[in-house]
Amino acid sequence: MTLKNLFLLFFIFCFTSSFSQMTLNRDTSLTITENGIAFSSAFSGGINAGQFSEIDLNLDGKMDLVVFDKSGNKISPFINDNGNYIYAPKYRSAFPKLHDWMLLADYNCDGKNDIYTYSSGGMAIYENTSSTNLSFSLITSLVLSNYGSNNLNIYISPVDIPAIADIDYDGDLDILTFSILGGFVEYHKNMAMELTGNCDTVAFEFSESCWGLFYEGLNSYILNCPNCQCPPIVNPNAADEKQKHAGSTLLAIDIDNDNDMDLVLGDVSYNNLNLLINGGDNQNALMISVDSIFPQNHSNTIAADMHVYPATYYLDVTNDGVKDLIVTTNSQNNSENFESSWLYKNAGQTNNPDFNFVQTNFLQSDMIDLGKSAFPTFYDYNNDSLLDLVVGNYGYHVAYNDPISSLALFENTGTKDIPKYDLIDRDWQGISTVNLNTNLNIPVLNISPTFGDLDGDGDKDMLLGDADGELHYFNNQAGNFNITLPNYFSIDVGYFSQPQLVDVDRDGLLDIIIGEQDGSLNYCPNSGTVTNAAFDTIIKNWGGIDVDTNYFSSGYSSPKLIDSNGVYQLFVGSYTGTIYQFTNIDGNLSGQFLPVYSTAANLWDGGKCAFALADINNDNQLEMILGNLSGGIAYFSSDTLLNDTSTTNTLNNKQTNFSIYPNPANGQVTIESSEIGIVKIINLLGKTIYKARKSSYLIEINTSKFAKGIYILQLNGMTSKVLIQ
């Protein structure tokens with residue numbers, strides 16, 4: 001029997017209800033400045049590969065802004081407050097769970113923008129059903145098109161961005177997308193107006209297999225391809241043949257006010273935008289020219305230069321009634337992640353634009369954005385008894401080179417009761433230039449810091465984790481950290497080490513716990529002394545923890561062990577952004593820890609989360625700084641003391657009066673009871689995944705589609721655990 005199965009059985013048969021509760025509320029009152037200027041939206045979370053759309057979030061009649069970050073599938077809503085965009089994450093919960101891409105447009109012509117998003121090699125549509133509150137309802141999980149002999153899904157690659165626009169000017173929204181074979185753009189005509197006379201119908205017809213009569217290779221174009229037949233593109237590196245389409249972004253706009261759609265394209269491997277001018281009309285498109293440095297030639301401004309895979313979005317973000325141009329990247333793993341939202345203000349008209357470059361960091365300049373990923377920890381760097389903040393990152397993007405990983409130092413310039421932070425150094429201690437990779441003699445990536453006194457001299461030293469799974473020890477010498485031992489004690493946990501220095505076994509010596517890419521934890525007990533730490537043992541799979549196993553093979557665990565009035569609580573961040581909590585740690589360091597539902601599991605601000613917990617406002621309660629994959633941070637304040645001295649059961653203690661079998665269940669579970677009422681099955685994150693009314697003595701539940709794991713089954717307030725295999 002595997003260790004994981006032993007843990008699950010132990011959880012079922014060993015009942016415990018002792019765990020802490022921590023209530024954390026999103027808080028934007030904390031002031032953070034840089035160079036004397038306060039961030040107006042400090043905690044809005046960073047942007048790596050943003051996709052911009054507009055929608056009325058608060059139903060006040062004004063268009064607000066939503067950014068979907070392809071990196072981490074994060075939705076960031078912003079309320080339009082008289083031209084200022086205020087981060088409003090409360091609206092995030094109204095959106096369904098989405099991935100790869102999201103565009104908002106009004107599919108049914110009711111004045112409310114709906115959701116178009118990727119789904120199974122195509123796209124889904126969610127209708128905006130808002131009346132008093134923002135809400136959406138799934139219309140179709142896969143949009144089909146009539147190909148003549150049958151209906152098939154409109155193919156859209158997850159790495160592409162389609163064009164959703166009224167191509168034929170008949171009042172409903174059509175679709176332009178590259179074919180599955182690549183090269184030619186397919187035109188799927190919306191037949192709603194033709195069939196019903198209104199837009200409120202999803203009915204598409206495959207109209208053209210090479211709309212605009214052009215062929216796209218790798219950032220190259222052949223024009224005038226009648227019957228979809230083109231001469232080959234000349235490739236100096238290969239035989240003369242058409243290049244296979246690998247990924248493109250499309251934006252259809254009328255750029256010359258001639259009542260037909262022109263096309264702006266970005267290519268997956270290039271940094272420029274191409275403008276294709278439609279010399280035909282809105283019924284028969286014909287691309288006649290290509291501008292490869294758009295929008296420079298069109299508007300006498302600077303050309304877009306996004307390093308790789310640019311994407312464009314057309315919406316009014318300057319609140320003058322005219323749509324502006326936003327240029328971002330559609331590359332989630334190799335993106336310019338610090339200045340990746342270029343704004344071109346439109347000084348002309350929506351259908352006859354005059355673009356003027358404004359900035360490379362629209363919205364990003366108002367938020368804390370540390371490139372890719374953020375790994376925060378608290379540390380009093382100047383010994384003034386105020387906790388400062390040190391944040392590591394995966395790195396800032398550098399074109400055609402490795403990212404630059406560094407530490408950002410936020411000095412606490414407030415008081416013990418009212419903290420304020422000043423971002424005074426984005427490369428604190430010059431870590432970005434230290435060659436910690438001793439094999440290649442280069443700096444490392446994915447720097448994750450932790451602090452503790454490892455030599456008994458009264459000050460805290462620094463330990464850094466990195467992408468190679470190693471640790472690096474910096475000795476604190478009067479506030480300056482000098483690299484003492486790279487590859488500290490040859491500790492190597494695989495990849496993406498996330499360390500914490502903490503006295504795990506309460507022997508007065510600091511130990512190390514380390515998260516890693518596979519989602520498990522490692523424990524390195526300190527076998528040395530107060531003045532001479534020694535780590536010669538790595539205990540793998542510590543506590544039997546493996547986060548996000550129901551979702552991914554890689555969990556990217558990020559642990560924090562917290563002493564709650566003498567009892568340890570373990571919180572672990574993960575790839576999905578979920579924070580897991582575990583108990584049964586003290587006196588059980590070689591055993592299996594117990595997962596418990598915690599209010600921390602409800603906190604979310606993006607994927608690959610890491611966090612810091614400390615009392616920074618002298619209220620005897622913990623606050624949290626939460627980092628995410630997009631390089632941003634969020635702040636959560638607590639209104640209840642983290643307390644584990646009393647035994648608390650979150651489940652109702654009513655005596656169980658029903659039978660469950662088989663348990664463990666494999667495909668089906670049966671409940672036998674004279675009780676009549678509502679049956680619920682709840683996962684360990686507190687989410688109800690099944691609900692039905694029990695109206696007879698027996699009820700059988702199909703569990704074949706449930707993820708493997710432990711669940712809570714409830715019937716009329718009675719509870720029992722069930723294991724799904």
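**Figure 1. Lys608 and the ring of Phe496.** In this predicted model, Lys608 is placed over the face of Phe496, with a distance of 5.1 Å to the ring centre.

**Figure 2. Lys560 and the ring of Phe611.** A further contact between a charge and a ring involves Lys560, whose charged end sits over the ring of Phe611. The distance to the centre of the Phe611 ring is 5.7 Å.

**Figure 3. The aromatic pair Phe451 and Phe481.** Phe451 belongs to strand E32 (residues 448-452) and Phe481 to strand E35 (residues 480-485), so the pair ties together parts that are 30 residues apart in sequence. Both Phe451 and Phe481 are buried.

**Figure 4. The aromatic cluster containing Phe451 and Phe481.** Phe451 and Phe481 also belong to a cluster with Tyr379, Tyr381 and Trp428. The cluster is linked through ring pairs.

Figure 5. Tyr551 is located in the loop between strand E38 (521-524) and strand E39 (558-564). The relative accessibility of Tyr551 is 44%, and the residue therefore counts as partly exposed, a class that lies between the limits of 20% for buried and 50% for exposed.

Definitions and conventions
Residues are numbered from 1 along each chain as its sequence is written. This is a predicted model: local features need pLDDT of at least 70, side-chain atom pairs count only at pLDDT 80 or more; totals for chains, interfaces and linings use all residues. Side-chain values use heavy atoms; hydrogens and water are left out. Helices (H or I, at least four residues) and strands (E, at least two) are DSSP runs, numbered from the N terminus. Buried means under 20% relative accessible area, exposed over 50%, partly exposed in between (1.4 Å probe, protein chains only). Rings of Phe, Tyr and Trp (its six-membered ring) pair if their centres lie within 6.5 Å; planes under 30 degrees apart count as stacked, over 60 as edge-to-face and the rest as tilted. A charge sits over a ring if NZ of Lys or CZ of Arg is within 6 Å of the ring centre and within 35 degrees of the ring normal.
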